[in-house]
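Thank you all for coming; please have a look at the sequence and the structure on the screen, and I will then walk through the parts I would like us to discuss.

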Amino acid sequence: MGSALLIIVCESFIRIEALPLIYRCTLEFLIVNQIPPLVYFVLPGKYHAMSATYFTFASIIDVTLGTLLMFAVANVYVNLLTKQYEELRMARYDVSHDGLTNLLNYDSFHSHMNELSQKSSKHQIICILDIDDFKKLNDTYGHLEGNDVLVYFTKRLFVEVKAHFGELASVYRFGGEEFCISVHGVTVEDCLEMTDKLAEELRTKDYVTATGDKITVTFSGGIALGCDKKDIRTVLREADKALYYSKRHKKGSVTCAKDLEKKSTDTDMPLSY
């Protein structure tokens, strides 16, 4: 009865996913070692003589020592696997993320574009944001301060994007001071609401430099919405054109591609991604 109860308890704990793997292995060993005595006691009496020698003090010691040995080997093996898994996870993270901001990097965005190119771009939105006058900030305060501004902006951008779109959106750093949001299943108005919230957040909480200067960080942006007749790279180019229109004509604003005049010479720019 005790063996059966132990097996039930162990099996219950093994199914707790949060339990470390080494503890699960130990519980499995306990189950395996309890099966012989359990079988012994449920067998009819005529079979007991065949296996009674198994349940001696010496055999119990042997089973215990064997269990401890298996536990030690399993512990070493599990620790090795855990270390290898963590190293692999970190390597994959480093390849796919930007080292400064921890956002997904341009290589990840390129892979994302390749995946989206196999689908209809309908309801897919690309939003590109660029920090205004970033070169001037670097020239004035230095590149280290510029990096801190990028981190400051990134944190607020990521919070706003996730607050509005959750897992529907991915945020990328193109490089430099340019960022991209890719989101599916929302409206352009939703994206404009998000950028307005971000702009308001930046206006109310100035960035303070190492010298004590207060800087209001602003950004310009471009948004484009996909449809059945557009491939995703066309949507990306339209968002980029809208961004440059904002930077040239209304810095600190976000322009929707659909609002641009089709024959605007200011947005006729050779782009390649």
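This is a predicted model: local features need pLDDT of at least 70, side-chain atom pairs count only at pLDDT 80 or more; totals for chains, interfaces and linings use all residues.

Residues are numbered from 1 along each chain as its sequence is written, and side-chain values use heavy atoms, with hydrogens and water left out.

The buried residues of α8 are V188, C191, M194, T195, L198, A199 and L202. They cover an arc of only 135 degrees around the axis, taken from the directions from the helix axis to the C-beta atoms, and so they fall on the same side of α8. What do these buried residues of α8 pack against? Their partners are β1 (124-131), α7 (143-165), β3 (178-184), β6 (219-225) and β7 (254-256), with contact meaning heavy atoms within 4.5 Å. Helices here are DSSP runs of H or I with at least four residues, and strands are runs of E with at least two, numbered from the N terminus.

Turning to the sheet, it is open and has five strands in the order β2-β3-β1-β6-β7, with mixed pairing, where two strands pair if DSSP finds at least two bridges between them. The edge strands are β2 (169-175) and β7, each of which pairs on one side only. Helix α8 lies across β1, β3, β6 and β7, and runs at about 170 degrees to β6; for such values, axes are lines fitted to C-alpha atoms, for helices over the stretch in contact, and angles run from 0 to 180 degrees between N-to-C directions.

Let me stay with β2 for a moment. Strands β2 and β3 run antiparallel and are joined by six bridges, and A169 stands opposite V183 in β3, while Y172 has C180 as its bridge partner in β3. In the hairpin that these two strands form, with two residues between them, G176 takes a positive phi near 60 degrees.

Finally, two helix pairs. The axes of helix α6 (residues 134-141) and α7 come within 7 Å and cross at roughly 135 degrees, and α6 and α7 are therefore oblique to each other, given that angles under 35 degrees count as roughly parallel, over 145 as roughly antiparallel, 65 to 115 as roughly perpendicular and the rest as oblique. In this pair, F134, L137, N138 and Y141 of α6 meet H143, E145, G146, V149 and L150 of α7. Helix α5 (residues 106-116) packs with helix α9 (residues 232-249) at an angle of about 130 degrees, their axes being 9 Å apart, which makes α5 oblique to α9.

Conventions
Buried means under 20% relative accessible area, exposed over 50%, partly exposed in between (1.4 Å probe, protein chains only).
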